[in-house]
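Please consult the sequence and the structure below while reading.

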Amino acid sequence: MTERVIQVDALARVEGEGALYVKLNGQELESCEFRIFEPPRFFEAFLQGRAYGEAPDITSRICGICPIAYIASACQAMEMALGITLSPEIEALRRILYCGEWIQSHTLHAAMLHAPDFLGLDSAIDIAKLHPELVRKALRLKKLGNTLMETIGGRAVHPVNTRVGGFYAAPDAAKLQALLPELDWGVAAARELTLAFAGFDFPADAGDYHFVSLSHPELYPIDQGRIVSSRGLDIAPAEYDDHFVEEHVARSNALHGRMRDGTAYLTGPLARYANNFAKLSPTAQATAHEAGLGAVETNPFKSILVRMVEVQYAVEEAARLIRAYRAPNPSFIAVPPRAGVGHGASEAPRGICYHRYEIDAEGRIVSARIVPPTSQNQPQIERDLARVVRANLALDEAALKLRCEQTIRNYDPCISCATHFLKLTVERG
Amino acid sequence: MANPKLAVWKFASCDGCQLTLLDCEDELLEIAGKLDIAEFLEATSGHSGGPYDISLVEGSITTAHDAERIQEIRRISGTLITIGACATAGGIQSLRNFADVEEFTRQVYAHPDYISTLATSTPISDHVKVDFELRGCPVSKRQLLELIAATLAGRKPHVPKTSQCTECKAHGTVCVTVAQGIPCLGPVTQAGCGNLCPSVGRGCYGCFGPKEAPNAAALSAHLATLGQTPRGLRDLYRSFNAAAPDFETESRRHD
């Protein structure tokens, strides 16, 4: 009987610090743990007593990769607590900004962090030595996402122009319209990258997933929507706690999100895509078909393709909204503070980012709750690992370890976010 | 001659300052041609090992393990540069320094006994000698590129330590405090972001930390005349650079 341990102490090409530990006894999988050792930062605790208006800027610092997700969910929650209804112009501007984050974050992950796995390389810089045009195209596309965020938000990481109720200042239509030629280029570039990545050799795999995502009556969900699932759930964000729980396990500084019945679920690109395929643009759907994707994709290794289809959609959506853009006037809605509770949910590139705040009559935060996507996906990541290890026992040590790392990177886990996440160890016994 | 070896290290942080390096889309491949990126966990699984000519350090020290890790990184690094408010001042997570961290842990985690953390979040310079500190929450891409170019050329980076006000004046941005009575930390905050907030009619909230020899007491006195409460003043200084000494001193005056 041989014991096998596969251990990765510090996972690369993920945002934050995490590790993996898998222990095998012969053909039996004894344990499979995905650990987050990113140090805790206690956002929910130190938000207490702060002014409601500070929540978007403070929580954006949870993650430098997806600050808009935190800003949007926090704003939405505070707007609900204060009874603010946004104008369609403000909502459209927030959605364009969020498209910028999807383009930047997805392209960073797909082309620079995930693609090296399929090419047997260490980094995008190594890819650039073999396929310089591909990497240049990806960098230009990523830059387009950043340019959208800079034009609207002032800067790409932790934008400054956003606030509860809207924006400090509405960008000039001319500045946004100047981006249209590059957005038109971006649609074609996203499609070309999707099709280039579709040529990768994907490991065969299929997960039995409970897909949980937002859903919007007309649009592919980004900035807002109801929480729906592939098994019939359909709730308002305010009902989140009735259906989902977070538990604290010893091995991780990230809480694990589960359904109330204890089962794991999946949030992120595969879930959004499966639950909302019909709402993608016909052109993004066509790219998905050309890349070999169905209307539902259950092979998590193909999440890279779904991300790139979502990039194409986000570029098209930003262009559509910019063509119709009218500068919001006023640029924000302000109301006097009042006591209340608000919930916010938006689709971070990695999945649902849920916020809940209670504020007092002066507008001070009484309690804060933030559930990032990677905490929700942690139990499902461990289930994926167990499935992938069992299916690949014949692989040698190095190959099995790489496959496990890939399984985690399929999720584009944002460990900085989830801390309240990875070391890779596979132990064979 | 071989290219200098660069390492990028992360401590408690949001990854945004490291991301700023990857956000140099126009320059990234050129940088990669002039530096051997030997350690950068967020971007590459390659590890060519130390020692390193240049180490960029993001994040603050919040665990006993990290306090040991930074000592080892200092030992194997030629030039050690800290990037961003977490590494240079302790970051937003230094708000724990003003509270009871055990209480914080109980509030966030069901099993506080699973969590191992220090009572404070401290800048890297509290633990090891730092050769240069680049401010910002996040750092400015322009300043980061200047820092890399200067370090490669062996010269001092051009990173002014004047106030945000100088940037507003240089850009012709109307003063939000004078014109609209909006509280702004610009007079006591180091320049570097490109006067982003006043450009959109918002007061500076201090991402780049205190300027050299700030007169925060005078600014507070003025902001009080505009209606800022002591609590409002305290929270204004107590954010992303809360533990920077000049901001900490001023925020404690309003406790």
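## Confidence and conventions

Chain A has an average pLDDT of 91, and 93% of its residues score at least 70; pLDDT is the predictor's confidence in each residue, from 0 to 100. Over residues 419-426 of chain A the pLDDT stays under 50, and for this stretch the model has 72 contacts beyond four places in sequence. Two residues are in contact if their C-beta atoms, placed from the backbone, lie within 7 Å.

Because this is a predicted model, local features need pLDDT of at least 70 and side-chain atom pairs count only at pLDDT 80 or more, while totals for chains, interfaces and linings use all residues. Residues are numbered from 1 along each chain as its sequence is written, and chains are lettered from A and ligands numbered from 1 in the order in which they are written.

## Nonpolar cores

A nonpolar core is a set of buried Ala, Val, Leu, Ile, Met, Phe, Trp, Tyr and Cys residues joined through C-beta atoms within 7 Å. A residue is buried if 20 or more other C-beta atoms lie within 10 Å of its own, exposed if 12 or fewer, and partly exposed in between. The largest such core has 174 residues, and M78(A) and V57(B) have the most contacts inside it. Helix α4 (residues 88-119) of chain A gives the most to this core, 14 residues; helices (H or I, at least four residues) and strands (E, at least two) are DSSP runs, numbered from the N terminus. Domain 1 (5-153) and domain 2 (164-253) of chain B both give residues to this core, so it lies between them.

M78(A) touches Y52(A), A55(A), V164(A), G342(A) and Y357(A), not counting residues up to four places away in sequence.

## The domains of chain B

Chain B is divided into domain 1 (5-153) and domain 2 (164-253), with bounds from an automatic or database domain assignment. Their centres, taken over C-alpha atoms, are separated by 25 Å. The contact takes 16 residues from domain 1 and 14 residues from domain 2. On the domain 1 side, helix α4 (residues 85-89) of chain B provides the largest share, 3 residues.

## Residue Y168(A)

Y168(A) lies in the loop between β5 (166-167) and α7 (173-177) of chain A. Y168(A) is partly exposed, because 18 other C-beta atoms lie within 10 Å. Not counting residues up to four places away in sequence, Y168(A) touches N161(A), R163(A), S331(A), V200(B), G201(B) and R202(B).
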